[in-house]
Amino acid sequence: MISKAAKLYLKTHWYRSELIPIYAITVGAVGICGFFASRALQNPEVVWNKKENPYPWLHVKQNENVKLMDPNGRFEKQWSRDRL
């Protein structure tokens with residue numbers, strides 16, 4: 001369990017109201033960076049296994065969307081990385 005001194009220290013130094021926006025911005029920025037990093041690693045241009053699948057972009061069909069957003073709605077389905 002946490003002692004009273006530790007609780008008092010955390011309450012006075014970490015739970016101050018002026019630090020809450022800093023925590024929120026930091027958590028939001030880390031979350032957005034993680035989201036875009038995971039999206040970038042799933043692109044067909046990223047090669048994970050050069051021996052079994054050296055050219056993954058060749059498996060993208062003409063009617064598949066590889067982008068995050070399709071404003072025109074021209075593609076029938078979303079491409080997904082099923083093989084590494």
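## Getting to know this protein

With a relative accessible area of 47%, Phe36 is partly exposed, a label for values between buried (under 20%) and exposed (over 50%), found with a 1.4 Å probe and protein chains only. This is a predicted model, in which local features need pLDDT of at least 70 and side-chain atom pairs count only at pLDDT 80 or more, while totals for chains, interfaces and linings use all residues. Residues are numbered from 1 along each chain as its sequence is written, and side-chain values use heavy atoms, leaving out hydrogens and water.

Phe36 has a partner: Phe35 and Phe36 form an aromatic pair. A search of the whole structure finds one such pair. Rings of Phe, Tyr and Trp (its six-membered ring) pair if their centres lie within 6.5 Å; planes under 30 degrees apart count as stacked, over 60 as edge-to-face and the rest as tilted. Here the ring centres are 5.3 Å apart with 70° between the planes, which makes the pair of Phe35 and Phe36 edge-to-face.

| Residue | Relative accessible area |
|---|---|
| Phe35 | 40% |
| Phe36 | 47% |
| Ile22 | 48% |

Now for the overall layout. The protein has two helices and two strands, in the order α-α-β-β from the N terminus on. These elements are DSSP runs numbered from the N terminus, with helices (H or I) of at least four residues and strands (E) of at least two.

Ile22 lies in helix α2 and also belongs to a nonpolar surface patch, together with Ile2, Tyr9, Leu10, Trp14, Tyr15, Ile20 and Tyr23. The elements that give two or more residues to this patch are α1 (4–13) and α2 (20–41), and α2 gives the most, with three residues. Patch members have over 30% relative accessible area and no salt bridge, and nonpolar side chains (Val, Leu, Ile, Met, Phe, Trp, Tyr) are joined within 5 Å. A salt bridge is a side-chain nitrogen of Lys or Arg within 4 Å of a carboxyl oxygen of Asp or Glu. Together, the patch residues have about 850 Å² of accessible area, by the Shrake-Rupley method with a 1.4 Å probe.

Of the 84 residues, 7% are buried.

How far can you trust the model? The mean pLDDT (the predictor's confidence in each residue, from 0 to 100) is 77, and 63% of the residues reach 70 or more. Confidence is highest in α2, at 92, and lowest in strand β2 (residues 77–78), at a mean of 66.

Notes:
Patches are made of residues with over 30% relative accessible area and no salt bridge: like charges are joined within 9 Å, nonpolar side chains (Val, Leu, Ile, Met, Phe, Trp, Tyr) within 5 Å.
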